Amino acid sequence: MSEKTSEAPDTPETSTAPAERAGRSGGRAKGAMFPAGTGPSANPAGERHERRIRSFQPRRSRVTANQRDALLRLWPKWGVEIDGDRRIDLDELFAPLPPGSPVVLEIGFGMGEATVRMAAADPGTGVLAADVHTPGQGNLLLSAEREGLSNVRVANGDAIILLREMLDPGSLAGIRVFFPDPWPKKRHHKRRIIQPEFVELAASRLAPGGLLHCATDWEPYAEQMLRVLTDCPALENTRPDGGFTPRPDFRPMTRFEQQGLAKGHVVRDLIFRRVP
């Protein structure tokens with residue numbers, strides 16, 4: 001889901017592509033990375049839920065030994081399969097946070113460096129981070145453990161299915177979509193995640209006053225984001241002039257963003273609020 005990911009710091013070990021990993025049906029496929037139920041599966045929702053256009057590509061890069069170890073140890077505790085078969089009880093998922101604690105959904109987190117920093121700065125808020133990048137999932141779990149965080153959960157699969165099938169209306173305090181794939185070719189624009197249908201769905205899952213926060217370094221996509229978000233009647237721009245928001249202090253600058261700025265890219269933030 002995220003546009004780019006950072007290189008992992010550990011020595012990589014050979015791993016299989018996600019399509020070769022064991023699915024939900026049980027057992028361990030030949031050459032699979034994880035026995036069923038012990039790590040993120042290749043396609044947790046299968047073909048049971050309609051998804052007309054996939055806005056992401058599965059990441060097939062190598063998983064390091066440390067990332068794999070983190071997935072094996074922590075996935076049963078902090079991992080969520082986006083299978084679309086149940087509604088998530090967020091109070092139960094984020095225990096031991098107090099019942100009713102705010103929860104933010106982050107869609108596409110790369111290697112999770114910004115996710116961990118934001119979670120550490122706001123330990124009373126649950127962060128449900130969704131992605132399909134197995135090395136990033138392992139890296140985020142490992143980083144959260146090293147920082148002693150108890151407010152991070154990692155979801156594997158399609159965020160659209162997560163929003164539509166597994167999260168209740170009005171259940172989220174915020175949704176973050178930082179640097180999604182811009183799909184720059186015109187024929188691929190339909191794959192961009194920020195589309196009217198997605199924004200309406202996302203807004204419906206926000207509690208009144210909840211924030212939808214997007215960021216991109218691709219100027220044409222930023223302009224599209226602004227149009228689509230402005231056109232959603234359930235949202236209002238937190239920027240009084242109706243434009244882009246300067247990068248807020250609470251959104252950390254990642255290595256990917258720094259690389260983009262070094263190339264002359266202009267980073268745009270958009271923060272919209274759910275109206276009552």
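These are numbered remarks on the predicted model shown above.

1. Confidence. The protein chain has a mean pLDDT of 86, and 81% of its residues reach 70 or more. Residues 1-31 fall below 50, and in the model this stretch makes 99 contacts beyond near neighbours in sequence.

2. The sheet. Eight strands form an open sheet with mixed pairing, in the order S3-S6-S5-S4-S7-S8-S10-S9. Strands S3 (79-81) and S9 (235-237) are at the edges; each has a single partner strand, so one side of each has no neighbour in the sheet. From one strand to the next, the twist averages 20°.

3. Strand S3 pairs with strand S6 (residues 152-156) in the parallel sense, over 3 bridges. Glu 81 lies in S3, and its bridge partner in S6 is Asn 156. Is Glu 81 buried or exposed? Although S3 is an edge strand, Glu 81 counts as buried, because its relative accessibility of 17% is under the 20% cut-off. Leaving out residues up to four places away in sequence, Glu 81 touches Gly 39, Pro 40, Ser 41, Pro 44, Trp 75, Arg 86, Asn 156 and Met 166.

4. Helices on the sheet. Helix H3 (residues 113-121) lies across strands S4 (103-107), S5 (126-131), S6 and S7 (172-178), and runs at about 170° to S5. Helix H7 (residues 219-231) lies across strands S8 (206-216), S9 and S10 (268-274), and runs at about 10° to S10.

5. Nonpolar cores. The largest nonpolar core has 46 residues; the members that touch the most others are Leu 105, Leu 128, Leu 162, Ile 175, Ile 194 and Phe 198. Another core, of 18 residues, lies apart from the largest one and includes Leu 71, Val 127, Ala 144 and Val 152. As background, nonpolar side chains tend to be buried together in soluble globular proteins.

6. Backbone exceptions. Most residues other than glycine have a negative phi, and most peptide bonds are trans. The peptide bond from Ala 95 to Pro 96 is cis, with omega near 20°; Pro 96 is in the loop between helix H2 (90-93) and S4. Phe 179 is not a glycine, yet has a positive phi of about 55°. Trp 183, also not a glycine, has a positive phi of about 40°. Phe 179 is in the loop between S7 and helix H6 (196-205), and Trp 183 lies in the loop between S7 and H6. Phe 179 counts as buried at 6% relative accessibility, and Trp 183 counts as buried at 7%.

7. Cysteines. How many disulfides does a search of the whole structure find? The search finds 0. Cys 214 is buried, with a relative accessible area of 0%, and Cys 232 is buried too, at 6%. Both values are under the 20% limit for burial, so each of these cysteines counts as buried.

Definitions and conventions
Residues are numbered from 1 along each chain as its sequence is written. This is a predicted model: local features need pLDDT of at least 70, side-chain atom pairs count only at pLDDT 80 or more; totals for chains, interfaces and linings use all residues. Side-chain values use heavy atoms; hydrogens and water are left out. A disulfide is a pair of cysteine sulfur atoms within 2.5 Å. Buried means under 20% relative accessible area, exposed over 50%, partly exposed in between (1.4 Å probe, protein chains only). Two strands pair if DSSP finds at least two bridges between them. Helices (H or I, at least four residues) and strands (E, at least two) are DSSP runs, numbered from the N terminus. Axes are lines fitted to C-alpha atoms, for helices over the stretch in contact, and angles run from 0 to 180 degrees between N-to-C directions. Contact means heavy atoms within 4.5 Å. pLDDT is the predictor's confidence in each residue, from 0 to 100. A nonpolar core is a set of buried Ala, Val, Leu, Ile, Met, Phe, Trp, Tyr and Cys residues joined through side-chain atoms within 4.5 Å.
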